[in-house]
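Please look over the protein chain shown here. The briefing below covers the whole chain and then two of its residues.

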Amino acid sequence: MSWKKTVRNYRYFFMLLVAGGLFLLLSQAEAQNWKALPPYNTLWPLWTAALSPRDPVTGVPTPIVTNLKPTTVLPAQPGLTWDPSWAYPFLLYNTPVGMAYYDPLLGVKLWPPAYLKDPVTGLPKPITLAVGYQYLTPTSAAWLSANVPVANLTYLSTYPSFALAANPITLPPALATALPGLSSLLVSLVAPAPSITTLLTAASLIYP
């Protein structure tokens, strides 16, 4: 075999090797299920089009938010974020006083959970993620089916308390005593709760 043929064969081999490597990298990127978002390093789902639609140019799932700060406003809700050390994720919602999360045990609370903040400074305390976190299994359809409807209803039922905190109404003591629900009624006119039809369902999260 001449040296020219040898060089040509090596060139072809090298090109195939590069092409194979690129294919592998693209395949791995396509298979990613989660993306870590600042400032707490919790995971955002890439496996549901409702929360991570595909970029029309690249075809890559892109989160609808770039961070999960308390002031983040979700374009669609509930959002979903996961600390892999927990058995279940948090469902995220907008409120007049900032983003909130649903916990099956605690109900709806302002984001973030206490353990994600430094107890002294209140600054973010990001979680440490294990190698390969991107490829962890998506949230189970059974968990979403069981919890999303309950979370949506719980969020709507607690929304007035967040609205009242953002829009405090002080009534004369006698009136407040006589009509204990008047403050909530008045604030519901100023900051009405979202309609349940605007919230994502379990099915819209499960299916891409």
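A residue is called buried when its relative accessible area is under 20%, exposed when over 50%, and partly exposed in between (1.4 Å probe, protein chains only). By that rule, 35% of the chain's 208 residues are buried. This is a predicted model: local features need pLDDT of at least 70, side-chain atom pairs count only at pLDDT 80 or more, and totals for chains, interfaces and linings use all residues. Residues are numbered from 1 along each chain as its sequence is written, and side-chain values use heavy atoms, with hydrogens and water left out.

**Whole chain**
- The chain has five helices and six strands; helices (H or I, at least four residues) and strands (E, at least two) are DSSP runs, numbered from the N terminus.
- Along the sequence, the pattern reads α-β-β-β-β-β-β-α-α-α-α.
- Contact means heavy atoms within 4.5 Å.
- Among contacts with a separation of 6 or more, 57% join residues 24 or more positions apart.

**Thr42**
- Thr42 lies in strand β2 (residues 42-45).
- Thr42 counts as buried because its relative accessible area is 1%.
- Its side chain makes a polar contact with the side chain of Thr81 (2.7 Å); such a contact is a pair of N or O atoms within 3.5 Å, and within protein one must be able to donate a hydrogen and the other to accept it, while residues adjacent in sequence count only if both atoms are side-chain atoms.
- Beyond four places in sequence, Thr42 has contacts including Leu68, Trp82 and Ile127.

**Trp143**
- Trp143 sits in helix α2 (residues 141-166).
- Its relative accessibility is 16%, so Trp143 is buried.
- Beyond four places in sequence, Trp143 contacts Tyr88, Pro89, Leu91, Pro104 and Val148.
- Pro89 is 54 residues away from Trp143 along the chain, yet their C-alpha atoms are 9.5 Å apart.
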